[in-house]
Every structure is written in structure tokens, then in C-alpha cells.
Amino acid sequence: MRSLELEALLDISARGGADPLLVQGAGGNTSIKEVGTLWIKASGLWLAHARQRDVMVPVALDPLLEALDRMDPAAEKAQDFVISEMNPSGLRPSIETTVHALMPQKVVIHVHCVETIATAVQTIGAAIAAERLTGIPHVFVPYARPGLPLAKAIAERLQEKTSVLILGNHGLAVAAETVADAAILLTEVSRRLTTQRRAAPSADLAALSRLAVDSGYCLPDDARLHAVATDLESCRIAAGGSLYPDHVIFLGKGSVIAAPGETAVSIETARNERGETLPPLLLFPGKGVLVEKTISAGALAMARCLADVTARIPANGRLRYLSDAENAELLGWDAEKYRQKLNRAGQALQ
């Protein structure tokens, strides 16, 4: 039988997971610690489905914490700490289980809040957070790959009263002793980090339709995706490279910006000749975007996130993009390959 607090966590998980300004696709995760067990969202599943299917995985907390204390590489594989007899669905815990284990509070909510990301990708993100989160015990953690590297970076900075983590080039984690208090804290931090969104011109749908002719691309159903290309400042930001891990996992490294005269077919042809994977998303500056006809729901969610994040980054903001090595590290990591596999197979949508 689930506790009342776990039931409450499932409710807040489903609500937060349905808000694309907080969570996109299979991103984000929640957890609760109960009697030596860390219940955490499964890798590849959607928080939005928390009331539709089993999404929580039981992890033995003390053995995981002991491994983290030693910075044992074994802590990287949270699935090795799963309590199998309490996990009949055979789910695999989130790649960010170590973050939740390190926070001493009972409840942890980790989201990819677009307001936070727009701050956390700036070189002065720590200063912005310090100014806006006055009175809230928080730390800014520079980017580190999710898993053991991020756990180590957090452990080095975590203080006794820390209840908020601003994760560089990543997102936000809040922690409290009750689900209600964690939800209140999440709302307050998101409110304080809110910035004005740049307005974007409407998409040129006629031009985009012509650019898609005879290709494997089409217009997206969600018109909000176009903003990253119709707003030239957002397009410039996107052209700079990858800003956060889930972009890399679901959309690939960086963004593909069409050059003058290029069409979806010409981009397909050139990439096929070079043996390159076709991108799920194409940006046509000043016109809008096209998406692959076979694009996954996860990639669509991240395309929306890209439009939402770039619109909130100031035009004069100095940004920290993920390096080539950091992109490669994410794409080659077994835990992320698992999420990619689920996304391709559509299992994350069930």
C-alpha cells in the first residue's frame, strides 16, 4: 500500500509533467525517501503519466549513499541498487538517482524549468540566481554530466540547509520534508527566475510548405515551435550549439540552420551523402521550422523547449554551450543510450 505522501508525489508529478514549461517529454524526475527506500521516477518514462501507469522504482538508499561516499563508480549504475522484489515491472531508475539520494530531505523534485534553464546557460547564471533567490538556501552547480560527475559536483557544494540546486546548463532541483512544501518551493523559485519572453513573428507557412516538398519533413502541429526560427535572435542562439543535455539526446548535437537557398530535400541529400543522421528539426531563419514526419513525441517536446528557452535568453546574454567533448560524452553514455532506445521504440509514450 502506498503512503499518503507517495500518493501526493504522484499527483504533483503528473501535474508538473503535463506543464511543458517545467518538464518536457521524459525529462525531469521526482523522488521520496521512505524507510530506507528511495522511490524515484523510472528512466525514459514521463512524469505526466504518473497517474496512468507505474513510473516509480524502489532503490536501496543506504547502499547507494555508501557508494556515493566513496565516489564508487558503481553508484553510476543505480539499477544495481534497485530492490527487485518491489519492482515487478522491471523498471530502471532515473539517470539522476544520485542527485536525489544526495539531497537529505525526504522529497526531491527535479525539473527542466525553462525559466531556470534560460538562467543556467548564461555565464553569469550563478550571479543571477544569487540575486533573485535571496533568502532561499540554494547553490549553483556548474555543468557536469548527469550521473556520478554531477553527484560529485553537488556533494562538493551541498550545505546543511541547501534546499535548491540550480544546475548549470541543466535545470532545477528543489527539496523539502513534505510534498506540499516541495511544491511551494518549486513554484516560488520558478516565479523568481521568470523573465520576459521575446515575442516572435508568425511563421511563413506557405514558404515552409514549399521548402518541405518531396522531403521527409513537414510542418509541426504546434505553431509555437516556429518561434526559435522566426525570431532571429533565438535562431542565432540556437545556431551556437547545444545548451543542455536533453537537447543533445533527443534533437542531436546543436541545431541545423538552413542556409539561403537550401530546402529540406537538399539538406537530406547532403547529409545522406556524408553519412550523417537526419535531424528531427530544421530551422529556416525568418520563416519557421520543419520537423521529420517520423519525429518522436520526445523530440517534439524538446523542439518546443528549444523555442521556449531561447526566447527567454536576453539578446546580450553571454552563454556557455556544451563542448564537443560534453556532447560526445552524452551521446556515448550507456544510460542515455537506454533513454534513446526507449524514445525510438515509443516505450516512453505508453
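Is R198 buried, partly exposed or exposed? R198 is partly exposed, with a relative accessible area of 21%, where buried means under 20%, exposed means over 50% and partly exposed lies in between, computed with a 1.4 Å probe on protein chains only. The model is predicted, so local features need pLDDT of at least 70 and side-chain atom pairs count only at pLDDT 80 or more, whereas totals for chains, interfaces and linings use all residues. Residues are numbered from 1 along each chain as its sequence is written, and side-chain values use heavy atoms, with hydrogens and water left out.

**Salt bridges**

- The count comes to 20 salt bridges, a salt bridge being a side-chain nitrogen of Lys or Arg within 4 Å of a carboxyl oxygen of Asp or Glu.
- R198 forms a salt bridge with D231, and the closest N and O atoms of this pair are 2.9 Å apart. The pair links distant parts of the chain, 33 residues apart, with R198 in the loop between α7 (179–193) and α8 (205–212) and D231 in the loop between α9 (227–230) and α10 (232–239). D231 counts as buried, at 11% relative accessibility.
- R70 and D72 form another salt bridge, in which the closest N and O atoms are 3.1 Å apart. R70 is exposed, with a relative accessible area of 54%, while D72 counts as partly exposed at 22%.
- D222 and R224 meet through their side chains in a salt bridge of 2.9 Å, N to O. Both residues are partly exposed, D222 at 24% relative accessibility and R224 at 48%. Salt bridges that share partners join E115, R197, D222, R224, R304, D308 and R312 into one network.

**The open sheet and its helix**

- Helices (H or I, at least four residues) and strands (E, at least two) are DSSP runs, numbered from the N terminus, and two strands pair if DSSP finds at least two bridges between them.
- Four strands form an open sheet with mixed pairing, in the order β8-β11-β10-β9. Since β8 (217–218) and β9 (256–257) stand at the edges, each with a single partner strand, one side of each is left without a neighbour in the sheet.
- Helix α12 (residues 264–273) packs on the sheet and touches β8, β9, β10 (281–284) and β11, where contact means heavy atoms within 4.5 Å. The direction of α12 makes about 125 degrees with that of β10; axes are lines fitted to C-alpha atoms, for helices over the stretch in contact, and angles run from 0 to 180 degrees between N-to-C directions.
- Two bridges join β8 to strand β11 (residues 288–292), and these two strands run antiparallel. Within this pairing, C218 stands opposite V291 in β11.

**Strands β2 and β3**

- Strands β2 and β3 pair in the antiparallel sense over five bridges, and K41 stands opposite M56 in β3.
- Strand β3 (residues 56–60) is mostly covered, five of its five residues being buried. M56, P58 and A60 point one way from β3, whereas V57 and V59 point the other way, and all are buried.

**Positive phi in residues other than glycine**

- V35 has a phi near 50 degrees, a positive value in a residue other than glycine. V35 is found in the loop between β1 (29–34) and β2 (37–41), and at 87% relative accessibility V35 counts as exposed.
- D214 likewise has a positive phi, near 65 degrees, in a residue other than glycine. D214 has its place in the loop between α8 and β8 and counts as exposed, at 75% relative accessibility.

**Cysteines**

- The structure holds zero disulfides, a disulfide being a pair of cysteine sulfur atoms within 2.5 Å.
- The sulfur of C235 is 16 Å from the closest cysteine sulfur, in C305, which is too far for a bond. C235 counts as buried, at 6% relative accessibility.
- C305 is in no disulfide, and the nearest cysteine sulfur, that of C113, is 9.7 Å away. C305 also counts as buried, at 1% relative accessibility.

**Record annotation**

- UniProt lists residues 8–197, in an unreviewed entry, for "domain: Class II aldolase/adducin N-terminal"; positions are given in the numbering used here, feature names are shortened, and annotations may be inferred rather than shown by experiment.
- The end C-alpha atoms of residues 8–197 lie 32 Å apart, and the span is 34% helix and 18% strand.
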